[in-house]
Amino acid sequence: MASPIPPTIAVSASAQSAAKPALLSIQHVAKSFGRNAVLRNVSLEIAEGEFLTILGESGSGKTTLLRIVAGFETATSGELWMGPERLDHQPPYRRRVNTVFQSYALFPHLTVEENVGYGLRVAKRPAAEIAQRVAEALDKVKMTAHAKAKPSKISGGQQQRVALARALVNRPRLLLLDEPLSALDANLRRQMQVELKSLQREVGIAFVFVTHDQEEAMVMSDRIALLRSGELEQVATPREIYSRPATAYVAQFIGHTNLLKGEVQGGIVRCAALAWPAPLPEGPVLLSLRPEHVRLAGPGASGTGVVRIRGRVMHQAFHGATELIRVECADRLLLVVRTASGGVVQSEVELEFSAADAVQVRESPERI
Amino acid sequence: MELLVNSSTSNTPCSRWLLVHALAVFSFLYLPIAVLILYSFNGQGVGGFPPHHLTFDWYRILFADGPIWDSVLNSVQVAFAAMAISLMLGIPAALALDRAQFPGKALFRRLVLLPLILPGIITGLSLLMLFNVMGTKLSLMTIMLGHGTALISVATTEVFAGLQKLDRAQEEASLDLGANYWQTFWRITVPNLKLPIIGAALLIFTLSMDEIAVSFFLIGRDNTLPLEIWGRLRRGITPEINAVSTIIFVFSLVTIVIWYRLRVRAEGGVDIGGELVEDSSTSTLSS
């Protein structure tokens, strides 16, 4: 008998995912509830075997987008394609897409086992096959011991595993997860992030994971799609989205950053008292400089391409391995610096950063 | 400290007065029923206090009384028919109220619930006129239709309340797992509505069993139990009536207890589950 779930797919999915054929193509999807536009013109491709996270604040439209893919909402305009098949004309029960709900939505009148076997029973699979696949799915999420329990008798984390098994047992082409970890406490959550990621690699099914937690998105995803007020702000790998944020919003939403407003004149960036050469187009410019790219300068001259500035320490916050230091420089320029923890910092410091680390970002357009 | 102790015990004049009041209300409610039951065992008819010559004679007479049992049978038939009619019409109405959007929905909602507050006389009279116009002969059938109509609102309100409590994500999960709308309704929605439906059925059954106003207008040759009792009372009261009332009372009591236990089992399970979740969330997930 074949294994219920395809064998392990190459682990190096992350880097090449963009090159793989698109599994699901979301094309110009918009959704309004009455006069309230929740999504406007979202286009996104999800590759085979990819772990894609839709990240956004509450009200950004991320759950609505997920519900449109699952088939619980109809897009006001736009199309969904799964290969050659138009998906948005299909009812939810004909889509090879399964969902793990935020509330898990386990059926309270059925046992754990019956919950997991629900999809197979509805599909009228032979009883022996159902029993075997359910047993394997429960084993995969380590819930075999609770097979006969009702959902109300198991813990939240266990319910979550059952919801996962119930969805995966149907071998969907795409699994949608709507903030599945949000109800768990911090420790369990971190543990489940790792487990979920390794499970995804093992089964090789594409996951679309919705969350508002940027750290969670960074840890788990092959790519992150950052949604803001119903539009995609940037779609990129976690590394790329962190080191090359497209807009000021992305830079601020993902990690800490210093946003520097300046002016480029004749190849020179001027920002408050600072000035350095940079190959940027003329005119006003917005730059993102990560706190960890700013250093406390040692004595002696700096190398080329390094910008130096003096400032007064306003505030120092201990974060364990690192500290965040808030420094006020000339012309009221505030810089946040991340340094390794240790030692007291003097009240007057000299800072430096490489000009190349100040990356240009677009101003985020106003949206209501 | 003194003050606290005082207020938490039942010795203050205020709480003592409340206790007396509660006892008074309780006896006001249940004393007549107790008297009724007591006199069903009284050998000397319904008069006289205290009762003498306790006896089962009235029950013996009752069990030999053909017309009473005919009327009981009629009433049971009517109650089951009313149950079927009002559930069949009331459940879809509740579904429409909960999930369909249509013009005039607010009006429909009020109209469906109207028979609940409408006096039985009006329901009975209007149905009588309708059957007259249609030329339908009055019989048990007309009473069944009458009770069925009058009690649709009970089925609708009970099931609607159940639907409001139902987690819609469960139905979405079922669709998501490949069940179509029809399968989802039978496999997920109905099992979750089991309790409200059983509750509505029991309520309709008991309401129909002692309904008198609507029945009075629609009665044909065959009496229902309440009309039979009412008819006999005009010829003078005997403890046989007490005996039959006692049996009805015990029957109702058993129904209520069954209903209550069903409810406790359904809801108690959830409650206990909730506590378990709190306890085991840390220990069981480290696997």
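How many helices and strands does chain A have? Chain A has 9 helices and 20 strands, where helices (H or I, at least four residues) and strands (E, at least two) are DSSP runs numbered from the N terminus. The model is a predicted one, in which local features need pLDDT of at least 70 and side-chain atom pairs count only at pLDDT 80 or more, while totals for chains, interfaces and linings use all residues. Residues are numbered from 1 along each chain as its sequence is written, and chains are lettered from A and ligands numbered from 1 in the order in which they are written.

Let's start with confidence. The pLDDT is the predictor's confidence in each residue, from 0 to 100, and its average over chain A is 88, with 93% of the residues scoring at least 70. Within chain A, strand S8 (residues 206–211) has the highest confidence, at 96, and helix H1 (residues 13–16) the lowest, at a mean of 42. Residues 1–18 of chain A have a pLDDT below 50, and this stretch has 27 contacts in the model beyond near neighbours in sequence. A contact here means that the C-beta atoms of two residues, placed from the backbone, lie within 7 Å.

Next comes the overall form of chain A. Its C-alpha trace spans about 75 × 45 × 40 Å along the principal axes. Chain A is divided into domain 1 (13–96 + 172–249) and domain 2 (258–360), with bounds that come from an automatic or database domain assignment. The C-alpha centres of domain 1 and domain 2 of chain A are 35 Å apart. Among contacts in chain A between residues at least 6 apart in sequence, 66% link residues at least 24 apart. Of the 368 residues in chain A, 40% are buried; a residue is buried if 20 or more other C-beta atoms lie within 10 Å of its own, exposed if 12 or fewer, and partly exposed in between, with C-beta atoms placed from the backbone.

Now follow chain A along its sequence. Strand S1 (residues 22–33) and strand S2 (residues 36–47) of chain A pair in the antiparallel sense over 8 bridges; two strands pair if DSSP finds at least two bridges between them. S1(A) and S2(A) form a hairpin with 2 residues between them, and Gly34(A) in the turn has a positive phi of about 65 degrees. Phe33(A) stands opposite Asn36(A) in S2(A).

Helix H2 (residues 62–70) of chain A is mostly covered, with 9 of its 9 residues buried. Among these buried residues are Lys62(A), Arg67(A), Leu65(A) and Ile68(A). Just after H2(A) comes Gly71(A), with a positive phi of about 105 degrees.

Further along, 5 strands of chain A form an open sheet in the order S15-S19-S16-S17-S18, with antiparallel pairing. Strand S15 (294–296) and strand S18 (334–340) of chain A stand at the edges, each with a single partner strand, so one side of each is left without a neighbour in the sheet. From one strand to the next, the twist averages 45 degrees, with axes taken as lines fitted to C-alpha atoms (for helices over the stretch in contact) and angles running from 0 to 180 degrees between N-to-C directions. Strand S17 (residues 322–329) of chain A pairs with S18(A) in the antiparallel sense over 7 bridges, and Ile325(A) stands opposite Val337(A) in S18(A).

Where do the chains meet? The contact takes 25 residues from chain A and 25 residues from chain B. On the side of chain A that touches chain B, strand S6 (97–100), helix H3 (112–122) and helix H5 (156–168) of chain A each give two or more residues. H5(A) provides the largest share of that side, 4 residues. By class, the side of chain A that touches chain B has 11 nonpolar, 11 polar and 3 charged residues; Ala, Val, Leu, Ile, Met, Phe, Trp, Tyr, Cys and Pro count as nonpolar, Asp, Glu, Lys and Arg as charged, and the others, Gly among them, as polar.

Chain B itself has 13 helices and 0 strands. Of its 287 residues, 29% count as buried. Residues 24 or more positions apart account for 76% of the contacts in chain B with a separation of 6 or more.

Ser153(B) lies in helix H7 (residues 140–165) of chain B. Leaving aside residues up to four places away in sequence, Ser153(B) touches Val112(B), Leu113(B), Pro115(B) and Leu116(B). Ser153(B) and Asn223(B) are 70 residues apart in sequence and, C-alpha to C-alpha, 25 Å apart in space.
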